Structures are given as C-alpha cells and as structure tokens.
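Let's take a friendly walk through the charged side chains of this model. Have your viewer ready and follow along.

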Amino acid sequence: MTRETIENAAKETLVNEPVELQATKVGVFQRGFITGAEWRINSVWHDASEEPERNGEPMLVEFHDFGMDGNSYDVVEDLQGYRTGIYVEFIRWAYVSDLIPERKEETNGGR
C-alpha cells in the first residue's frame, strides 16, 4: 500500500461515508486518517534485532540479498538463517497473522 493509496482512501471516506465535518476540519480528518493507516502498517513490523515471542508462528522476513536488486521477502518459522546469513542483510520481520486484516461481520443491515 502506497501513501497515494492511503490518501485516496481518506478522500473516498469523506465522499462515500456519512462523515459530517465542517469544511475547515476536512484537512484534519484526512491527516488523521493517513497517520492512522501508516501507523497500522508500520506497527506490525519488528526490527531485525528483536526476538520473536511467539515461537513457531510463521513470520514474514524482509531482507536484502546482495545478489539481487531491491529487498526480498520470505516466510519462515525461525529467524536464525537470516541472522547468520553472510549474503543477506536482515532488515525486519512481522508475524504473518498480524499482516492479515481483521474481518468483522457487518451488523448494520448488509451495508
């Protein structure tokens, strides 16, 4: 998800959802929406130096492979290979379950 996607979602929320705001508060709403979305995205990632507390749970690892351009990702249950790898730079990790969005049943008449 890019910042542009988040900004567009903030604008669409103002147009498509029943949000009643004074015209002077629209910018404040948009900034709050964007800040909240960015926080949610970034909050699930852990620095490479952090130890996982939920052993055996699948994790998404971001790393830089010196033989390739850009960063790569892998799903693992153990970070040890990335901590000792000499051909990769271990950047960060996240529990896969934390990356999956919550799905709640709609209770307001199918809306």
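What follows is a short tour of the salt bridges.

This is a predicted model, in which local features need pLDDT of at least 70, side-chain atom pairs count only at pLDDT 80 or more, and totals for chains, interfaces and linings use all residues. Residues are numbered from 1 along each chain as its sequence is written, and side-chain values use heavy atoms, with hydrogens and water left out.

The structure contains 3 salt bridges (a side-chain nitrogen of Lys or Arg within 4 Å of a carboxyl oxygen of Asp or Glu). Start at R54, which is linked with E57 and D98 in a network of salt bridges. Between E57 and R54, the closest N and O atoms are 3.6 Å apart. For D98 and R54, the corresponding distance is 2.8 Å. This second pair links distant parts of the chain: D98 sits in helix α4 (residues 96-99), while R54 lies in the loop between β1 (46-47) and β2 (59-65), 44 residues apart. Helices here are DSSP runs of H or I with at least four residues, and strands are runs of E with at least two, numbered from the N terminus.

How accessible are these partners? Buried means under 20% relative accessible area, exposed over 50%, and partly exposed in between, using a 1.4 Å probe and protein chains only. E57 counts as buried because its relative accessibility is 18%. R54, at 34%, is partly exposed, and so is D98, at 23%.

Now move to R92, which forms a salt bridge with E62, their closest N and O atoms being 2.4 Å apart. R92 belongs to strand β4 (residues 88-95) and E62 to strand β2, so the pair ties together parts that are 30 residues apart in sequence. R92 is partly exposed at 25%, whereas E62 is buried at 6%.
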